[in-house]
Amino acid sequence: MTTTTRTAADRLRQLVAVRSTADRSGAAPESVPVEEVDPRPGADEVTGRVEAALDQVPPWVDDADEFRRAREILLRETRIAGERLDADPAADLTAGEVRTLEAVVRADGSRPTLFVRDDRVDEAHPMIGRWAGAVAAAREALRPVLQAVGRIQPDNATGDNFFGTGWVVDAENGLVLTNLHVMEVMWRRLRQAVAPTDTGFRVLDGAHVDFAAESGRTRTRRFRVVEARSSGVDGPDYARLDAAVLRIEPIEHPVPQAVPVLADPDGPNGVLASLCTVGYPGRPAYQAGTHEGIDWAWVNNALFGHRYGVKRLAPGTAHRPPGSPEPGRTRGRGSSATTARRSVAAPVPRWWPGSATRRARSACTSRGRRRTRTWPTPCRPAPANCARSACRSEGGRGATMANPFLDQNSYPWSHPEAAKLHRALTVAVHRPARIDLLYRMTGSDLPALAVEGLPPDLIWKQALDNIAACGRLATFLAMKDVRRYPAVCAAVEAVLAADVTAATVRAYDGERVLDRIRLHDLLAALAPDSSQTKVILVRGGARSGKSHSRHRFEWMARQWGAAPVYLCSGMVATVDDVIYSLYAGVESTGSIPPRFDSLQHDWYRKVCFKLGELARARGRKMWIAVDDLGAEADGAPLLDTEIRTFFDLFALILMNPTFGPWFRLMLIHYPDAVPTKWAQDLWCEDVTSETDVQCDQVAEVFQSWSGPDDKKLREDEARSLAVDVITTADNSPLTSVPRLRRISDALKAALDTLESGPS
């Protein structure tokens, strides 16, 4: 085995071992310390991962029977290789075992290559694995990067007939960064259509950059290549800077938004948790060969398809800093992201969930010298005073300043500042043509606005809905043409300062809701669409206010444009009651999948996915609070235990990026044990106590109160009233009533007295 092959084999065995260790501990693979990695991958675990990933025949597979035969071969060889490494983690791998592990990490989500279609990553890819959450969370940040990456190609290009990958670094001047070796291939193949210059050559005809070239799509976004310039840094091996710049001219489309470069060594130095490459991987120079009677070229093609030269995204982690090449290689990639021929000039975005910026480094390599990699500018301009909710406390818990306007993909009409902005826009800009112009200035990807015969308030409602749905609200609010009107500017400032968790008390449907600090923080982390946390478990002693938590949960749901649902003992008795109630929430009780002879677990899964499909089709998010999931003092369950089984599966399915954004769960009186398959960042816990609310919290309620003519209470007046409320509640003879309910009743009476004024 050569040094290069040995290095590749060692990395593959490390990838497989890290993934198994992470699965056992419930941690993300990139967060597993090297010293804690168990070198024994676990043959059963690895084989199980591959079997689950390849359970269904992918849509791109042409021959299902070949796929199944190749799948059985891979599963058999995976078990053999896994058992060998379990017995001796340092064993030399045969060529066949190396091919096996290469297929394993490609199939189980460790190193997937995901199709890009319509400038979006295929989030339903069956082999996306553990990267599903990261891809979904980075969806909007990645979009302009995906649009800026193109395939450099001759006339009549195909997936096998193209030069390489490039990406826009200067839209105004039409500059595309690629590799020097790509420029050299162009020179050789277009010798009759190029004219030499001092720094490269002019292209007279026959070369284009297509910023589409996607699998399953026929659209093109082609630009003429008119000039090519080399880096000017050349030499043998690592003394060469493998970079070149092409100048393009439009044919019928504007040049995509640039991803310009800035010096930032964090990504290539491995500081970031993860990164990804975007490009057009070509057909491998070799077809893996036949080893021990197995044609690995046939296995790979049967499992992963024959599609080359189309746009893909490959996630991974940095494992080697710049300037540290591997032995036997003249170019080096410092990450575990899968790459292939003709995709090495792809940008490598920094894309982890919660990031407020888009950054991408050039993958053009320097031979022999340590060079600073390059990273681009922020994703889209946001106002300087825009308080984004990307800030979360360590461990993903306790988000602060969740903004209901900027952190979701729907306009929160139930929020008071939403209506004020709508009114201000309607009054200030009432001509349909002007509304349409401001709308189109917000983004070229927005759907057409219907203005014919509609009043301005309905046009603006349609515009705000579309702008929010496309993730362009921050851009819209930052536009000078929008903020030029004083009333609109004031409304915009109020929107940017909006914080749905700021007030300690809210009134709706006659219910006043006292907030608790921890619940306040947990709901702030749960609310944004990009949040990985989707389930709150509420636990606590008897009469500690567990059930009262659902009022705050329901209020928050309305602020984020979701429909709240509450289920408890007396309202539902069986799983069938629960499912009927959930489908009633999307007005589709006739769409409940029939049981037939399905196993209970399989039927639950069908019910959940159908509910998600209906929620997406109707654009209706649901926040579901389920009470009484625990037991009486004598151990008897308050609700049918099968209901908890159903919601345990429902919560697990929330990890699916196509299902999760439409639902949130609050599971009240939940038992101690948590399903082992739940990811750590899927759920959080709120433990209630009768002592949670004291004078300070009640005083804040009085200080937030506004009477006639916006009359406010002084701090000492609010404090005095709070002491009276706590004293009344604590000295009440109604000791059978929970303390928090007594406080809430006393608070309501005091506020009613304030609002009615002196008698």
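A disulfide here is a pair of cysteine sulfur atoms within 2.5 Å. In general terms, that is a covalent bond between the sulfurs of two cysteines.

**Ground rules.** I'm working on a predicted model, where local features need pLDDT of at least 70 and side-chain atom pairs count only at pLDDT 80 or more, while totals for chains, interfaces and linings use all residues. Residues are numbered from 1 along each chain as its sequence is written, and side-chain values use heavy atoms, with hydrogens and water left out.

**Cysteines.** I looked for disulfides and the structure holds zero. Cys 489 is partly exposed at 23%, and Cys 695 is buried at 16%.

**A sheet.** Next I looked up strands, which are DSSP runs of E of at least two residues; helices are runs of H or I of at least four, and both are numbered from the N terminus. Two strands pair if DSSP finds at least two bridges between them. I found four strands in an open sheet, ordered S2-S1-S15-S12, with antiparallel pairing. Its edges are S2 (120-121) and S12 (275-279), each pairing on one side only. S1 (114-117) and S15 (312-316) pair over two bridges. Phe 115 has Arg 312 of S15 as its bridge partner.

Most residues other than glycine have a negative phi. I noted Asp 118, with a positive phi of about 55 degrees. Asp 118 sits in the loop between S1 and S2 and is partly exposed, at 35% relative accessible area. I also noted Asp 628, where phi is positive, near 65 degrees. Asp 628 lies in the loop between strand S23 (621-626) and helix H19 (641-653).

**More on Asp 628.** Is Asp 628 buried or exposed? I get buried, at 17% relative accessible area. I looked for a salt bridge (a side-chain nitrogen of Lys or Arg within 4 Å of a carboxyl oxygen of Asp or Glu). Asp 628 has none, and the nearest side chain of opposite charge, Lys 546, is 8.0 Å away. For charge, Lys and Arg count as positive, Asp and Glu as negative, and His and the chain ends are not counted. What I did find is a polar atom of the Asp 628 side chain 3.0 Å from the backbone nitrogen of Ser 569. Leaving aside neighbours within four places in sequence, Asp 628 is in contact (heavy atoms within 4.5 Å) with residues including Cys 568, Ser 569, Leu 638 and His 669.

How values were computed:
Buried < 20%, exposed > 50% of the residue type's maximum accessible area, 1.4 Å probe, protein only. Polar contact = N/O pair within 3.5 Å; in protein donor to acceptor, adjacent residues only side chain to side chain.
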